[in-house]
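Let's take a look at what sits around a ligand, and then zoom in on a couple of its neighbours.

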Amino acid sequence: MSDASPAAVLEQALAGVVDPELRRPMLELGMLKDIRVEGATALIRVVLTTPACPLKDRIRSDIEAAVIGRVPGIQTVDITWDANVTSTRGLPGRQEIAGVRNVLAVSAGKGGVGKTTVSVNTALALSLTGARVGLLDADVYGPNVPIMMGITAQPEQGATNRISPLNAYGIKVMSFGTILKPGQPVIWRGPMLAKGLREFLYEVEWGELDYLVVDLPPGTGDVQLSLAQSVPMTGAVIVTTPQDVSLADVSRGIEMFRQVKVPVLGIVENMSGFVCSHCHQTTDIFGSGGGRELAEKYSVPFLGAVPLDPRIRLGGGDGQPLMAAAPDSAVGAVFREVATHIAGRVSQENFASASGPVMPSGPRIPLRS
Ligand SMILES: Nc1ncnc2c1ncn2[C@@H]1O[C@H](COP(=O)(O)OP(=O)(O)OP(=O)(O)O)[C@@H](O)[C@H]1O
Ligand SMILES: [Mg+2]
């Protein structure tokens with residue numbers, strides 16, 4: 001060992017550092033790059049599977065523990081953080097969308113539970129971590145994304161005859177709402193809707209995206225089923241509210257995605273308690289905890305509980321979503337937590353699909369109680 005170069009000794013010491021999420025040696029996974037020694041400093045570039053990784057502190061301390069005091073002469077570790085989001089590949093019968101690494105569906109058993117709110121704010125939270133994010137409003141029955149994102153423009157034909165998505169808050173957006181005239185009745189049926197959606201997915205110049213969030217129409221009928229079957233989804237997020245935690249609705253949703261082999265990334269409970277802005281006491285107006293119980297019952301991760309907050313409704317109505325207006329608020333922190341859970345689940349699912357199921361796909365960081 002004493003004959004080896006300092007960088008080789010350092011690399012050997014790093015061989016035991018395990019990714020806390022994927023539970024494999026980071027070196028083996030190609031996540032530790034440009035390993036060098038300069039004087040008493042070890043320099044390492046850490047390539048995460050998502051910029052939304054909340055485990056940087058843990059990874060840093062694991063690396064320091066493996067190196068300092070173990071590699072002769074090294075006193076400090078200098079980490080450069082980098083990310084390369086993994087992608088879902090090879091889903092049979094599903095055409096990949098050029099440049100789009102992951103498609104995430106946001107779904108709910110019924111309308112009005114906050115599907116669009118969760119889609120918009122999660123997309124923004126992912127984007128705030130540095131990820132490249134798109135948002136597709138596929139809810140032809142109630143395409144509310146343009147209103148929530150403050151979009152009034154119409155999409156235009158791009159250079160290559162493909163449609164250029166709109167841009168809001170650094171996110172690329174497409175919505176049925178931008179092509180339907182106000183008040184125009186929606187008479188599209190399943191196959192037609194699926195065709196329209198395919199156009200949005202494949203004819204739009206999305207460019208390079210780490211995550212494309214899709215706000216699906218509510219319910220679990222034929223329309224949703226055909227969308228879930230034809231679109232190459234990395235996974236689905238199911239939104240519910242405490243009072244709507246009708247076992248039947250959520251279990252139908254989970255069953256539908258399982259049937260078409262789309263992993264359920266987890267459950268978000270929305271409108272989970274009301275935090276008084278004066279006394280900061282939480283009142284469980286509709287009850288709470290049902291989402292977590294459901295997640296346990298169906299062995300899917302619980303992704304977070306979003307409280308009722310008037311700013312969510314006001315911001316949504318004004319075209320300034322909460323994650324744009326108040327990302328550092330308490331409820332903003334919840335959306336960031338939901339986004340990091342989702343990003344972590346995406347990394348896990350992509351890893352599992354590339355290498356076979358090697359780990360339990362539970363939540364990656366301790367959840368709020
Ligand atoms: N946590 C929350 N706190 C306060 N208001 C909320 C919250 N979540 C959603 N809302 C409000 O509730 C209404 C319904 O939310 P949203 O439009 O996101 O639901 P949806 O499931 O997409 O509904 P639809 O089925 O009509 O598409 C909106 O006015 C939204 O601003
Ligand atoms: Mg909606």
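Predicted model: local features only at pLDDT ≥ 70, side-chain atom pairs only at ≥ 80, totals over all residues.

## Helices and strands

## Around ligand 1

Ligand 1 has 20 residues around it, and the ones that come nearest are Gly-111, Gly-114, Lys-115, Thr-116 and Thr-117. Sorted by class, the shell is made of 9 polar, 7 nonpolar and 4 charged residues.

Where does the shell come from? At least two residues each are supplied by α3 (115–128), β12 (264–275), β14 (302–308) and α9 (310–318). An unreviewed UniProt entry also marks a "binding site" here, covering Gly-109, Lys-110, Gly-111, Gly-112, Val-113, Gly-114, Lys-115 and Thr-116.

## Zooming in on Gly-114

Gly-114 sits in the loop that runs between β4 (103–108) and α3. Is Gly-114 buried or exposed? Gly-114 counts as buried because 23 other C-beta atoms lie within 10 Å, and the cut-off for buried is 20 or more.

If you skip the neighbours within four places in sequence, Gly-114 is in contact with Val-239, Thr-241, Asn-270 and Met-271.

## And Thr-116

Thr-116, on the other hand, belongs to helix α3. Thr-116 is buried too, since 27 other C-beta atoms lie within 10 Å.

Again setting aside neighbours within four places in sequence, the contacts of Thr-116 are Asp-139, Asn-144, Val-145, Met-148 and Asp-215.

Methods
Residues numbered from 1 in each chain as written. Chains lettered and ligands numbered in written order. Near = placed C-beta within 6 Å. Helix = DSSP H or I, 4+ residues; strand = E, 2+ residues; numbered from the N terminus. Nonpolar A, V, L, I, M, F, W, Y, C, P; charged D, E, K, R; others polar. UniProt positions renumbered as here; feature names shortened; annotations may be inferred. Buried ≥ 20, exposed ≤ 12 C-beta atoms within 10 Å, placed from the backbone. Contact = placed C-beta atoms within 7 Å.
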